[in-house]
Amino acid sequence: RECLESLRWADEIVLVDMHSEDQTREMAESFGCRVLLHERLEHVEPARQFSVDAAEHDWVLVVDPDERVSAGLADWIRNQPDSSEVNGFRIPRRNHYGTCWMKCCGWFPDAQLRLYNRQHASYSDRMHRGLTIEGKVETLPAHGEAYLNHMCFDSLEDRFGSINRYSSIVATDLGLSGRRVGAMELIGRTFFTFARAYF
């Protein structure tokens, strides 16, 4: 509900539901959203492409259910003049762990490529492979009022559950592509990731 409330300003809201078992569809319809169904997958990229293909407008903003569009971002998008030079914008994202906004350890500004001209963009069908944009992409200032609020984790248990779920999906994906990880790479990547986040 909070996600949809933050999008009331949009010309159109297309919500793709992967056969959820709560009241998502009913709630979205009450907000006037166009609701489409997509098969349930372990990753969102195909569903995102499906929603973008169904949109009526060329410029789209992709928002996940656990994200909120700030009033400043909504104002910036509404007042952004049409430009043939830029085909995409990275938006700073504020990640919230419980009630705390994580400002360090690589969690901010966490810029996400979410606003773009769909005529020049396409998603990979593989998890976390992101979006490919043809043309110029700009990044909004990290310390402005235009940002996404990401309500990502309520607890440590929630965080560990997410890590376990996604690590299994990524491991399977890498295995199917023939990628193998040795002990030295495992140790090296672990140390590098810790050092980058901590220091």
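Two strands count as paired if DSSP finds at least two bridges between them; helices (H or I, at least four residues) and strands (E, at least two) are DSSP runs, numbered from the N terminus. The model is predicted: local features need pLDDT of at least 70, side-chain atom pairs count only at pLDDT 80 or more, and totals for chains, interfaces and linings use all residues. Residues are numbered from 1 along each chain as its sequence is written, and side-chain values use heavy atoms, with hydrogens and water left out.

**View A. An open sheet of 4 strands in the order 3-8-5-11.** Pairing in this sheet is mixed. Strand 3 (59-61) and strand 11 (136-139) form the edges, each pairing on one side only. Neighbouring strands are turned by 25° against each other on average, direction ignored; axes are lines fitted to C-alpha atoms, and angles run from 0 to 180 degrees between N-to-C directions.

**View B. The antiparallel pair of strand 5 (residues 86-91) and strand 8 (residues 112-117).** The two strands are joined by 4 bridges. Glycine 88 has tyrosine 116 of strand 8 as its bridge partner.

**View C. Parallel pairing of strand 1 (residues 14-17) with strand 2 (residues 34-37).** The pairing extends over 4 bridges, and valine 16 stands opposite leucine 36 of strand 2.

**View D. Leucine 156 in helix 5 (residues 156-176).** Leucine 156 has a relative accessible area of 51% and is therefore exposed (over 50%, 1.4 Å probe, protein chains only).

Terms used. Buried means under 20% relative accessible area, exposed over 50%, partly exposed in between (1.4 Å probe, protein chains only).
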